[in-house]
Amino acid sequence: MLGTGNAFLPYGRLHSFAMIDGKHIIDCPPTALASLRREGIVLSDIETIFITHVHADHVFGFPFFLLERRYISDRGQEKPLTVVAAPGVKEHLLHLCQLAYPGSLDEVFSTIQWREESEGTLQSGLTWKRFRVLHDESVDPFGYHFDAGTDGSFVHSGDSGPCRTLYDELEATNMAIIEMGIPDWVDSPHHHTPTELRTLAQSNPSLLMVVTHTFIDQPGIHPVPTVTDVYPEHPSNVVHAEDGLLIQQSSSSWSVV
Ligand SMILES: [Zn+2]
């Protein structure tokens, strides 16, 4: 977990941002470069970006990501980059790149391989299935179910409130990276609250739920919290992720470090 905060950057967190096997990233938030630099990850080693939806806290780091590869870590443009995203995202990100650095990213943008199908397989054998979730419809919201065969399967919720499509996918896996974007007192169907996650965890006791996109500061890091720095009481199958958390799979069970 390279970042675990929601759009408002609670103290101690960068924007929610996950990496798989050191080479595939989920979304490209405004703080993506900070997250990658902090972990010492060479940007040209990233092979794939999966886009969940086009809200700014999920994609506004994309122009910086391309700029860095083009002019620093892959000047020779030898490292292929694949973007997996719903139809329409390509045009949105092209517009974003043209606004950000007019003319400077056109060439590198044209080298991207786009995969717009809702199910597919990467060269490494990792498969994805993109499924609709409950979020602002104007940003085309999806979650992903990743499957690496005997190496395990997991779900990333993207940004979503409680919905059948997400919960059906959760029933078919044993680990989920899931958002908790709002406190209980915010009334919105588009994000999970602590109470909704508690209910979900209780009804799926064998599912490891790693909470991200949180409104809660890293506990104890700042004297005046943005909203709060106290984690809710949740069942033992819920882990409140902090930036840098490593989720590992071995012998068909998941663990966090
Ligand atoms: Zn969103």
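Hi everyone, a definition to start: two strands count as paired if DSSP finds at least two bridges between them. Helices (H or I, at least four residues) and strands (E, at least two) are DSSP runs, numbered from the N terminus.

Please keep in mind that this is a predicted model: local features need pLDDT of at least 70, side-chain atom pairs count only at pLDDT 80 or more, and totals for chains, interfaces and linings use all residues. Residues are numbered from 1 along each chain as its sequence is written.

Let's begin with the whole chain. It has seven helices and 14 strands. Its radius of gyration, taken over C-alpha atoms, is 18 Å, close to the 18 Å from the globule rule (2.2 Å times the number of residues to the power 0.38) for 257 residues, so the chain is as compact as a globular protein of that length. The C-alpha trace spans about 50 × 45 × 35 Å along its principal axes.

Now, what share of the 257 residues is buried? Buried residues come to 40%. Buried here means 20 or more other C-beta atoms within 10 Å of a residue's own, exposed means 12 or fewer, and partly exposed is in between, with C-beta atoms placed from the backbone. As for contacts (C-beta atoms, placed from the backbone, within 7 Å), of those between residues at least 6 apart in sequence, 63% join residues at least 24 apart.

On to the sheet. Seven strands form an open sheet with mixed pairing, in the order β6-β7-β8-β9-β10-β11-β12. At the edges are β6 (119-121) and β12 (238-240), and each has a single partner strand, so one side of each is left without a neighbour in the sheet. On average, neighbouring strands are turned by 20° against each other, direction ignored.

Let's look at one pair. Strands β10 (residues 175-179) and β11 (residues 208-212) run parallel and are joined by five bridges. Glu179 has Thr212 in β11 as its bridge partner. Helix α7 (residues 194-203) packs on this sheet, touching β10, β11 and β12, and its direction makes about 165° with that of β11. For such angles, axes are lines fitted to C-alpha atoms, for helices over the stretch in contact, and values run from 0 to 180 degrees between N-to-C directions.

Finally, two loop residues. Asp27, between β2 (24-26) and α1 (32-38), has a positive phi near 70° without being a glycine. Asp140, in the loop between β7 (127-132) and β8 (142-147), also isn't a glycine, and its phi is positive at about 55°. Are they buried or exposed? Asp27 is buried, with 28 other C-beta atoms within 10 Å, while Asp140, with 19, is partly exposed.

Methods. Two residues are in contact if their C-beta atoms, placed from the backbone, lie within 7 Å.
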